[in-house]
Amino acid sequence: MKSYLEASARQRLQYLLDEASFVEILPPTADGAFTSPHLAQLDAPTAFDDGVIIGRARLQGQAVLVAAQEGGFMGGAVGEVHGAKLAGLMQLALHEKPQAVLLLLESGGVRLHEANAGLIAVAEVMRALLALRAAKIAVLVLIGGANGCFGGIGIVARCANAIIMSEQGRLAMSGPEVIESVQGVEEFDARDKALVWRTTGGKHRYLLGDCQQLVEDEIAAFRQAAIDTLAQLNRAPDGLALSLAGLQQEQAQLAQRLQDFGELAEPLEIWRKLGLAQPQQVALMDATQLQAALAAARDADKPVQEGV
Amino acid sequence: MNWQDIAAQLFPAGHQIVQQDHFLCGTAQVGDAASGTEQTVAVIGTCKHAEIGVEIALMQASAVLEVVREHPRRAILLLVDTQGQRLRHRDEMLGINSYMAHLGKCIALAQQLGHPVLALVYDQALSGGFLTSGLMADACYALPDASIRVMDLTAMARITKLPLARLQELAASNPVFAPGAENFLRMGALAALWQGDLAQALQSALAQPHPSDQRAQWGSERGGRTLAHPVVQAVLASANTVPHA
C-alpha cells in the first residue's frame, strides 16, 4: 500500500488516477518559461513547475481536470505562477466541463517570498473555484500531505463541494507557529504536536463536519473515496451549485457550532460533547472505527454537526 | 480613517449604517432622482481594523444572505478595514477557515444571483480578512492612503528567514513586496483608486459592468504582475493542443 503522506505530488497523481491517463498541462520547458519571476532576487531556488502540477486525466474512466501541489517546494505555498496555473485550470474546466476537478492540496497558503502577488493569486483561485460551483462542475479536495492545508488555501478548500482527508492531513487557517509567535506559547504551543493534531488534524475536521470523508493514509483509499464521493455528488448535480437554501443551512450549522462549542477550550471537550464516550480513544481509532463511533453517538441523539 | 466620515462622503443623500463593535451593516442612498440613478445599496463591512474571527465572519455572511433573501439584485458595498484573521487557538479549533469560506460563498452567491458587489478599502486590508471581503468583490477600490499588505516586513523577514534589509530594499522598488494601495493597483487587485468626489466615484462604479475576474489582465497591462495573465492564457490554450488521454 502506497502512503499518500510520503508520496510526492507526481506520485500521488500516478497512483490516484487511472493508469497512464495523466497528461500534464504546461509541462516543464527548456527555457523555464513558467517558473517564478520573483524568487531569484531573494536567492531562493525555483522549481520548473513552480510547485504545482496541473493536467487532464481519467478517474475510473471519467474525464477530470486535476491539480496537485508539491509540499516539497516551499511547502506548497502559492506564488504568482503557481496560483495562475490553478486559476487557469479552473477556468479551463468552465470550457471543457469535465466530470470533476480534483485538487490535491498541500500548502502553507500565500508564498511570502512573493507576498502581494501570492495573496492576489489565492484570491483569483478562490473566485475561479466559486465560478465552477455556479457551473455545477464538481470540485473535490484531497488533503493528506505533511505540510497540511493552511492560510488562503484552507479557505479555498472549504469552497469546494467536498473534502477527503486522512488523519495525518491538517486543515486550518493560521499555522500554530504563526499564532505562537504573535500571541505567545500560552495561546498555542506549536511544539505540542498532539495539541496541533487535535486542533487541525483530519479526525477533528471529520468530527466537526468540515471534511466529508476520512480515509486511511493510502493513495488507493483516497482514490476509492474520490470515486465514491464523485458518484454521490454527480447523482444530484443541482446540489453542486451554491444556493440560498444551502448557504442558509450552512449559516445555521456554523452558528450552532459556535453555540455548542464556542466556550470549550480543547478539541477533546468538543469530541465528548459530540457524544463520543471516550474522546481520549479517538487518537487510537482508525478511520472506520471513528466513523462507527460518530454514527453511534449520532444515534444516541447527542448534539452533532452534519457535514456541509 | 473614521468610517462615519467616509460614509458621509459616499452617501450625501443619507445612510442608515449601524456600527456594532467592529461590524458595520445597513443601507444607503446613492444617485439622484433627477438623473434616474437613485438606488438603495446594502452596506456591509468592518471598522477599527477589525480582526476577523469566527463571530464577525458569520455576522457578515448573515448580512449578505439577508440582502439576497429580502432584496433581489440590490447592490452591495463592502467597506473594508481589517487587520486580517484572528490569530487564536479557539478560532482554529472551531474551523475559522470554514467560517471565512462561508462568507466567501455567500458573497459569490449574491454575485451569481445578480447582485453587483463592490468593495472599498477605506483604511486597512490584510491577508485573510481581505481575501473574503474586498478580494471577493466584482471590483475592489481603495482610498489612496489605504494600507494594504500581506503582513509587515518584519514578520515576513522572521518567517521567511530573509534579511529584513533586503526586503526593505526590494519594497522600495518592487510592488510585489511593498504595501500600499498604489502597488495593489499596479498588480491588478484594485480596479481604481478613489479620490475627490467619493459619491460620484461610487455612482460611476455602480453604473459599470464588471463581467468577470480581470485582475490578472490588469496586472499585466499595468506592469505590476506580468506573468499571471500569460500563464492563465497558456493553460486555456492547451484546450486545443493537449488531447485527453
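I will start with one strand, E4 of chain A. From E4(A), A:Ala100, A:Leu102 and A:Leu104 point one way and A:Val101 and A:Leu103 the other way, and all are buried. Buried here means under 20% relative accessible area, exposed means over 50%, and partly exposed is in between, with a 1.4 Å probe and protein chains only. In a regular strand the side chains alternate between the two faces of the sheet.

Before going on, some housekeeping. This is a predicted model, so local features need pLDDT of at least 70 and side-chain atom pairs count only at pLDDT 80 or more, while totals for chains, interfaces and linings use all residues. Residues are numbered from 1 along each chain as its sequence is written, chains are lettered from A and ligands numbered from 1 in the order in which they are written, and side-chain values use heavy atoms, with hydrogens and water left out.

Back to the strand. E4(A) covers residues 100-104, and five of the five are buried, so the strand is largely enclosed by the rest of the structure. Strands and helices are DSSP runs numbered from the N terminus, where a helix is H or I with at least four residues and a strand is E with at least two. E4(A) runs parallel to E3(A), and five bridges join them. Opposite A:Ala100 stands A:Val64. Two strands pair if DSSP finds at least two bridges between them.

Now chain B. In which order do the strands of its open sheet of seven come? The order is E1-E2-E3-E5-E7-E9-E11, with mixed pairing. E1 (18-20) and E11 (192-193) are the edge strands, each pairing on one side only. Within the sheet, E5(B), residues 76-80, and E7(B), residues 117-121, run parallel and are joined by five bridges. B:Leu79 has B:Leu120 in E7(B) as its bridge partner.

Next, helix H4 of chain B, residues 96-112. The expected span of a helix is 1.5 Å times one less than its number of residues. For the 17 residues of H4(B) that gives 24 Å, and the end C-alpha atoms are 24 Å apart, which agrees. Of those 17 residues, 16 are buried. After H4(B) comes B:Gly114, with a positive phi near 95 degrees.

Most residues other than glycine have a negative phi. A:Met74 is not a glycine, yet its phi is positive, about 50 degrees. A:Met74 sits in the loop between E3 (62-69) and H2 (80-96) of chain A, and counts as partly exposed because its relative accessibility is 26%. B:Asp21, also not a glycine, has a positive phi of about 55 degrees. B:Asp21 is in the loop between E1 and E2 (23-30) of chain B, and at 59% relative accessibility it counts as exposed.

Last, the largest pocket. How much space lies in it? About 1200 Å³. A pocket is found on a 1 Å grid over the protein atoms alone, as an open set of points where a 1.4 Å probe fits, with protein on both sides within 12 Å along at least five of seven lines; lining residues have an atom within 4 Å of a point. The largest pocket has 44 lining residues, and A:Gly108, A:Leu112, A:Val178, B:Met151 and B:Ile159 lie nearest its centre. H5(A) gives the most to this lining, with six residues.

Technical notes
Points joined across faces, edges and corners; volume = space filled by probe spheres on them.
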